[in-house]
Structures are given as structure tokens and as C-alpha cells.
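Here is a quick tour of a protein model, meant to be read with the coordinates open beside it. Have a look first, then read on.

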Amino acid sequence: MNTIRRIFSYYGRYPKLAFAQLLCAILMTAMLPIFSEMSGRVYTDVIANYADKNTTPKITTTAENTPNSSENEPNSAQTHIHSEEYKTESKQKVLVYTLVALASFFARDFFNCLRILINNVFEQKAIFDLRSELYSKLQRLPLKWFDSRRTGDIMTRVAEDVPSMERLLIDGVEQGLIAILQIIGISAFLIWKDPILGVTALAPIPFLLIGATLYSRNARDRHREVKRYTGEMNALLSDNIAGVNQIKSYAAEADELVRFNKLSNKVRTATLRVMRYWAIYSPSMSFANSVGYTLVLGVGGWRIISDPSIGTEIYLYFFTIMWALYEPITKLHGLNQMALASKAAGERVFEILDTEDELHADEGALLPKPIHGEVAFNDVSFSYDDIPTLHNISFTAAPGQTIALVGSTGAGKSTLVNLITRFYEYDSGSITIDGHELNTLNKPELRSNIAYVTQDSFLFNGSVRENLQLGKRDATDEELWRALDAANATPFIKELPNLLDTNVGERGVKLSGGEKQRLSIARALLKDQPILILDEATASVDSKTEKLIQSALDNLLNTRTAFVIAHRLSTIQNADIIHVLDHGRIIESGTHDELCALGGKYAALSRQSFLNSDAQ
Ligand SMILES: Nc1ncnc2c1ncn2[C@@H]1O[C@H](COP(=O)(O)OP(=O)(O)OP(=O)(O)O)[C@@H](O)[C@H]1O
């Protein structure tokens, strides 16, 4: 669907409000010619006639010098009396016409006020829908989509492109609908008053349309360019703010400023290009309007001279209303500019809305309860953007077993567990939970059965309580403290100024790496699900704390299927099965003792300090 039509389709969701708005706009436009009509009537019914009557005594006075002057005297007195009566009558007419004009202005502004009020409600509902749709879509998009995007660009789309589309929704109706109604209404009025002069007043319109077409032809590309560079600049900005520590520690401020200025300059040049075209286009169109006025002046004079039945009042009719014909055309040019910017913004927003959701983001089968937690990989392979990462992975985790995944960095351990949560979809083979193929299952429900402590222990900018309750929305304080105890996090939480209500800062910046990890573990413990994934969950805590957490986790690990990724031998040596990954393949499997006896990769790794540093 055309982008502009699609933007306006948001209005179609509220037909009653749309109709009320349209009605107000029609009534408002209908009031416009009344002032012109009243001005004409004041002239034709009062001023013109009154001037005629007033000349009568003067004619009479001239007649006094004629031989029959005495015959004229009574006429003169009569005309004078008539003139007095006429004055009163004329004043009344002027009063009535003025009041009608005033009432028309009042009615016009009343309908306009009503229309603005309705438009505000209408517009805010449509905008709310759009934002909500976009946010909900972002939540349903696959992780793969985010991997190839820059946060700053996504933010620009939500924070800048949506408002840019909003402008078309708000002003598009206000300026567009009313402008079109006004052009049609006023054109009809002028043609009705005098067809030839009416058509003359409309003469600039084809030129205005041609101008708009020429301007619009390449304008979309110009606006797209502005949007693209703005997105890139914001992406760099968000990256640099997130990595401000790195920039400072490498004293890279000057280099980053150069990088930023380079993009900022692109935004400036692209914006100036848009403005340069506008600077030529806008005055040209204004000149075309002025030509319209001048033509009416000239052709009007010619019409009055060649056809005396057309009074000079025709000028009054035209010049008191022509502004209402040209003003909306000027508005339409502004609207054209805005529509093009909105179109470019809309394309970027709709690109997100049109991206395919994660498979079974909303539907898919539910895992039958109770969940036993048997997880089986059968010949599973997976690629990131066509780069093969996992090859023919096959193993089974029986319910309650602890499976450890070890291997050098980049071997594919995190990728493997990310397939269980379906953060990524496997390319071939099969993964089942309790015999049910993973990619037929409802994704949110599947994930609700898995407690996952990720490598980066991400915390949200909120209180300790809010971060923990992500694991269980209705958890009581008692449950929170129990989970914190198990993750050995209670001692440092008790030192925080507001305990559970202390804010942890953006990404948990106010806590140490080890503290963040312990909170993440507590959050997963609170979730308490049949499948548990710990990806380097205790990598940032000291070995003493790790042992304390380990003993708390042991009870937990015994009762559920767990996948543990760790570099510390102490974390994995008690696992039921250890799988050793190398370049995306399982090369060894067995218990700690079996693998040590095998004398292969595991034995080599366990001899290396990174694996056995604290095994003793
Ligand atoms: N989102 C991604 N997009 C593209 N490639 C990725 C992505 N995540 C990981 N990779 C690549 O996939 C391979 C496996 O990465 P993975 O994170 O699974 O390794 P790992 O064994 O968990 O490593 P580590 O022990 O360092 O955490 C690596 O070569 C990595 O560069």
C-alpha cells in the first residue's frame, strides 16, 4: 500500500471521529464566502444605491437654474425626505449585513474550535496506536534482526520518525482536508459570481500543481537522505554514550569527535539540500499566487468596461475572498513538503512493522504439563548470516541432568543454548523438549519454562526489586530475600541505602560485575523453572563467593535439567555429562573423570590455568 495512504489509514480506525471532523471542516468552509457576499451586498444594496440617491439633489440644484426650476422644487424636497428615510433604511441594512458577517465569522471559528478538539483526540488515538504497534512489533522481532541493526537507528525511528509521521496525521488533516474543501468551495463561489473572472482566478492553479510535481519528483530522495544520515548519527551517538568509558580510557575523544562531525556534516549538507530546493520552490509558488491577483485585477477591469451589467462590486466579491483560495494552496505546498518528509519517515517505520515476526511469537503449541525437561539435540546445524557456526550437534539431556558445555572461546557454547530458548532458529536437524519439536512451540510459553542467566547479567535501570520481579511478577519480599540468599546476594543488598528499593542505574552501573551476576542468578532462581541455563553465571565472582553460590545451586541443579557453560573447573566437574565443543562441533563427551582419562581436549583444557585455577 502507498505509504501516505497507509499513514492515513490510521484514521480509518475511528470513523465516527473522522466523520465529525469532516462535518466541522465542511461547515467551517461553508461560512467563508458569507463575508464576501455581505461585503458585495453592502456595496450593491446600500453604497451604490445610496450614492445614486445622493446625486439626485445635486441634479435638482442644477435644474434650479433652468427656466422650469420652480417645478423641480417639490421634487427636491421629496428626494431629500426620501434620502433621509433611505439613510435609515440603509443603516439598518448595513447593520444586518454586518451582523450576518460577524455571525459567519463566529460560526466559522466555533466549528474550527470543535474540529481542533476532535482532531486532537483523533490524532492522539492514532499516534498511540502507531507507537504501541511499533513497540509491540519490536518485541516480536527475532534477535537476528537486532544483530544487524544499530540501537541509535532504531531509537531514531521510534523517537523521530514516528513524530514525523504524526505531523502528517495532525497537519495533514488540518491543512490538507480543509485546504482542499476551501479550494473547491471558493472556486465554486467565484465561478458562480462570474464564470470568466472565476476561471481567471483559478489560472495559477495548474502552474502551482506543475511546480509541486516538479518539486516532489526528487524530494523523496532528499528527505530519505536526511533521515538516513540522522539515523547513522544517532547510532554513533548511542554507541559512544554506551562506550564512554572505553573512549575515555583510550583517550579517543578527539577521534570520536571527528567521526561524529563527519556524520553531523552529512546531516547538515543533506538538510541544506532540502532547504535550498524549498527556498526556490516556495517563493515561485507565491509569485504564481500574485499573478492570480493581478490577472483578476486586469481581467476584472476589462469585464466591467466591456459588460456594464457587471458592477464594480465584482472586485469586492473577488478580493475579499481570493485569499481563501490561495492561502490553502500555500498550505498545500507546506503540506507537500511535510508529506514527503513523513513519507520518508513512514517508510522507515513501516519497514519495521512489515518485518516478519519470530516464528510462533503469538501462536504455536503449548508444552504439555508437567514438563519433565528432557532436551534432545539431533544432528542440529546452525549459521549466523550464512556463516556455519554449529555442525551436526547431537546429544540428549535427561530430565534433572546437568549438562556442562566447555570449549575455547568462540567454540559455539552460547549459540547452542540460545537455540534452546529459540533466540535463533536452527537451520537443520531437530531439537525436542519432552519429545516436542522446539520450532512448533509457542515461543513466549517455551521461554517461560526456562530460567536463563545470560553472560552479560543485564540489569534494567530500576530498583533491585523491579529487576528481580522480572523473574516472578508477584514475588513477595520473603521470596525475593530467599532468592537473594541462595545467590549469596543478601550481604551486599543489605548494605544498599534503600535495600530492595535501591536503583541500580543504567545497565546496573551502580553495582559491581559480581554483584550484578548474583542479582541475575537470584532473578533466575525466582523464576524457578524446569530448565535452567547458566552461561558464565559466576565468572565475575571470586572463588569463595562462587563456592557459596555453587552449593546453593547444587540443590537446584539436582531437580531440573540444567545447561552450564563455564570456564572454571569447579563449576563443571560435578556435571552429569560434559560436552566439549570445538569450532561448532562436539568433539568429546563424558564425565569429568572419563574425559580426563581420555587425555583429549578436555584434559588439555583442564590442565590450563583458566579451567582449573580454582579447582583445588
Ligand atoms: N549474533 C551473532 N552474529 C554473528 N555471529 C555471532 C553472533 N554471536 C556469536 N557469533 C559467532 O559465533 C561463534 C560462536 O560464538 P559463541 O558466542 O557461541 O561462542 P562461545 O563458545 O560461547 O564463546 P565464549 O566462551 O567466548 O563466550 C563465534 O565465532 C562468534 O563470533
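A word on the ground rules. This is a predicted model, where local features need pLDDT of at least 70, side-chain atom pairs count only at pLDDT 80 or more, and totals for chains, interfaces and linings use all residues. Residues are numbered from 1 along each chain as its sequence is written, and side-chain values use heavy atoms, with hydrogens and water left out.

**The six-stranded sheet**

Let's start with the open, mixed sheet, whose six strands come in the order β6-β7-β8-β3-β9-β10. Strands here are DSSP runs of E with at least two residues, helices are runs of H or I with at least four, and both are numbered from the N terminus. Two strands pair if DSSP finds at least two bridges between them. At the edges sit β6 (450-453) and β10 (585-590), each pairing on one side only. Ignoring direction, neighbouring strands of this sheet are turned by 15° against each other on average; such angles run from 0 to 180 degrees between N-to-C directions, with axes fitted as lines to C-alpha atoms, for helices over the stretch in contact.

| Residue | Opposite residue | Strand of the opposite residue |
|---|---|---|
| Leucine 532 | Alanine 562 | β8 |
| Isoleucine 533 | Phenylalanine 563 | β8 |
| Isoleucine 578 | Glycine 590 | β10 |
| Threonine 432 | Glutamate 437 | β5 |

How many of the five residues of β7 are buried? Five of the five are, so β7 is largely enclosed by the rest of the structure. Buried means under 20% relative accessible area, exposed means over 50%, and partly exposed is in between (1.4 Å probe, protein chains only). In a regular strand the side chains alternate between the two faces of the sheet. In β7, Ile531, Ile533 and Asp535 point one way while Leu532 and Leu534 point the other way, and all are buried. Helix α17 (residues 513-527) lies across β6 and β7, running at about 175° to β6.

At the other end of the strand order, β9 (residues 577-582) runs antiparallel to β10, with five bridges joining them. The two form a hairpin with two residues between them, and histidine 583 in the turn has a positive phi of about 45°.

**The four-stranded sheet**

The other open sheet has four strands in the order β2-β1-β4-β5, with antiparallel pairing. Its edge strands are β2 (387-397) and β5 (436-437), each pairing on one side only. Helix α12 (residues 413-420) packs on this sheet, touching β1 (375-384), β2 and β4, and its direction makes about 115° with that of β1. Contact here means heavy atoms within 4.5 Å. Between β4 (residues 428-433) and β5 there are two bridges, in the antiparallel sense.

Most residues other than glycine have a negative phi, and most peptide bonds are trans. Aspartate 379, though not a glycine, has a positive phi of about 55°; this residue lies in strand β1 and is partly exposed, with a relative accessible area of 38%. Aspartate 386 also has a positive phi, near 70°. Where is aspartate 386 found? In the loop between β1 and β2, and it is exposed at 74% relative accessible area.

**Helices α7 and α9**

Now over to the helices. The axes of α7 (residues 204-242) and α9 come within 9 Å and cross at roughly 165°. The crossing is left-handed, meaning that the near helix is turned anticlockwise from the far one by less than a right angle; clockwise would be right-handed.

Glutamate 256 is in helix α9 (residues 253-306). Is glutamate 256 buried or exposed? At 16% relative accessibility, glutamate 256 counts as buried. Its side chain makes polar contacts with the side chains of asparagine 240 (2.9 Å) and arginine 259 (3.1 Å). A polar contact is a pair of N or O atoms within 3.5 Å; within protein, one must be able to donate a hydrogen and the other to accept it, and residues adjacent in sequence count only if both atoms are side-chain atoms. Leaving out residues up to four places away in sequence, glutamate 256 touches Leu236, Asn240 and Ile247.
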